[in-house]
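My entries follow in the order I looked things up.

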Amino acid sequence: QVQLVESGGGLVQAGGSLRLSCAASGRIFSTYGMDWFRQAPGKEREFVAAISWNGDSTAYANSVQGRFTISRDNVKNTLYLQMNSLKPEDTAVYYCAANREPYISTRPVPVSSYDYWGQGTQVTVSS
């Protein structure tokens, strides 16, 4: 079992930055590929970024490429998302998700493919 708890969301002005964290319980965190998703009101949950089990590979949605950086610390069992140059369209609830597939070459994959989800953290970007 893996439990995921996100934190770090909040209200920020356009152009600002936030750093999200996802704390994981359970010793198997380091063997899982980890992703960030987001869901805006009235929209489907969408892929944001992914990182392989060892951090060697990352992948991003086109909409966040160059602005967001995903990273992980397998000693601290924590996943991060550094978000810079935020835009109002980044406003959403952000979720971390764990996938037992440790590699990310096939990302994005269907939402149903993920084994564990966090409860989400709200990010609001004002114009």
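I call a residue buried under 20% relative accessible area, exposed over 50%, and partly exposed in between, with a 1.4 Å probe and protein chains only. I am reading a predicted model, where local features need pLDDT of at least 70, side-chain atom pairs count only at pLDDT 80 or more, and totals for chains, interfaces and linings use all residues. I number residues from 1 along each chain as its sequence is written, and side-chain values use heavy atoms, with hydrogens and water left out.

**Cysteines**

I looked for disulfides, meaning pairs of cysteine sulfur atoms within 2.5 Å. I found one. Cys22 is joined to Cys96, with an S to S distance of 2.1 Å. The torsion about their S-S bond is about 60 degrees, so I noted the disulfide as right-handed. Strands here are DSSP runs (E, at least two residues), numbered from the N terminus. Cys22 sits in strand S3 (residues 18-25) and Cys96 in strand S9 (residues 92-99), so the bond ties together parts 74 residues apart in sequence. Are these two cysteines buried or exposed? Both Cys22 and Cys96 are buried.

I then listed contacts (heavy atoms within 4.5 Å). Leaving aside neighbours within four places in sequence, Met83 contacts Gly16, Ser17, Leu18, Leu20, Arg67, Phe68, Tyr94 and Val123.

**Strand S11**

I followed the side chains along S11. Thr121, Val123 and Val125 point to one face and are buried. I count strands as paired if DSSP finds at least two bridges between them. Strand S2 (residues 10-13) runs parallel to S11, joined by four bridges. Here Val12 stands opposite Val125. S9 runs antiparallel to S11, with three bridges. Tyr94 stands opposite Thr121 in that strand.

**Asp90**

Asp90 is in the loop between S8 and S9. Its relative accessibility is 1%, so Asp90 counts as buried. What does Asp90 touch, not counting residues up to four places away in sequence? I found Arg38, Arg67, Phe68, Ser85, Val123 and Val125.
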